[in-house]
Amino acid sequence: MELRVLRYFLAVAREENITKAAGLLHISQPSLSRQLMQMEETLGVKLFQRSKHRIILTDEGQLLRRRAQEIVALAEKAEKELKQSEDTVSGEIAIGCGETKNMACLSQLMVSFRERYPEVTFEIFTAIADDVKEQIENGVLDFGLMLEPVEISKYHFIRLPLREKWCVLMRRDSPLAEKERITPADLAGVPLMIAKRKSVRNELENWFGEYYEKLNIVVTRNLSYNNCCIMVENHVGAALVLAFENTYENLCLRPLFPEMETRSVLVWKKNQVLSPAVTKFVEWAKNAV
């Protein structure tokens, strides 16, 4: 499949209308329709469900869209890297990040790095560690800023300095809000929202000990804190979260006891040829942290 045709496919998937997509692509509608039909014939699958005014992706089309986005992004990234001159460090550095206070450390690195190399730009992709690692493996991301625990045997890494504490986010009118610290026994039977990542849930299971079997888990969640706060505020349940700056008047945070802490790592793939910009950023981060 040609990159050009993949871009055509993505435009149609985004607009859900061939005529509109053709206008944006500056090609004729019959030509675009023909390209899509040839793609379906080549792949031997149906990519779209067509109606008079709208087309939507089939399951096969959804899969192709995901892979096409990765392929096009990787091609564009390679093109930018190859256009760099020998004397100038430029290009884009793509970083996948979870929600962590160590984003402040990463931000400081980005600012100081751009002061030295102003022609470098950054792209930030927000997701949980599992999704970030997948994008690193696919070559779409250069780095991942991930919360521990996380399997990093396939990566070089720098451990960032800030430690983060786990807390319980709850409504201020909750009986738990009267406590200064929250123990495993306090959460037995309480409607609770916890992290979806398996490695994090294993850590929480160890912290709860015998009380883990008594938990009333109503939601497993990834991101974001804002959505989590809205659910807590609307009586879905309390939430196990990393401590953050709470701006909701009706909500409060209480630390766990015994304390449970985590740190973050900035990772990049081993045994991989890095672009000049990424190589410089690795050196910069190692010297700064």
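Tutor: Of the 289 residues of the protein chain, 44% count as buried, where buried means under 20% relative accessible area, exposed over 50%, and partly exposed in between (1.4 Å probe, protein chains only). This is a predicted model, in which local features need pLDDT of at least 70 and side-chain atom pairs count only at pLDDT 80 or more, while totals for chains, interfaces and linings use all residues. Residues are numbered from 1 along each chain as its sequence is written, and side-chain values use heavy atoms, with hydrogens and water left out.

The protein chain has nine helices and 13 strands; these are DSSP runs (helices H or I, at least four residues; strands E, at least two), numbered from the N terminus. Contact means heavy atoms within 4.5 Å. Among contacts in the protein chain between residues at least 6 apart in sequence, 72% join residues at least 24 apart.

Now the interior itself. A nonpolar core is a set of buried Ala, Val, Leu, Ile, Met, Phe, Trp, Tyr and Cys residues joined through side-chain atoms within 4.5 Å. The largest such core holds 35 residues, and Leu169, Leu187, Phe208 and Leu240 have the most contacts inside it. At least two residues of this core come from each of β7 (164-171), β8 (191-195), α7 (198-208), α8 (225-233), β10 (238-242) and β11 (251-255). The most is given by β10, with five residues. Leaving aside residues up to four places away in sequence, leucine 187 touches Val168, Leu176, Ile182, Leu192, Trp207, Phe208, Leu215 and Leu240. A second, separate core of 23 residues includes Leu109, Leu160, Leu266 and Val282.

Histidine 235 is in the loop between α8 and β10. Its phi is near 70°, a positive value in a residue other than glycine. Histidine 235 counts as exposed because its relative accessibility is 59%. The loop between β11 and β12 (261-262) holds proline 258, and the peptide bond to proline 258 from phenylalanine 257 is cis, with omega near 0°. Most residues other than glycine have a negative phi, and most peptide bonds are trans. Another cis peptide bond joins glutamate 148 and proline 149, with omega about 5°; proline 149 lies in the loop between β5 (143-147) and β6 (155-159).
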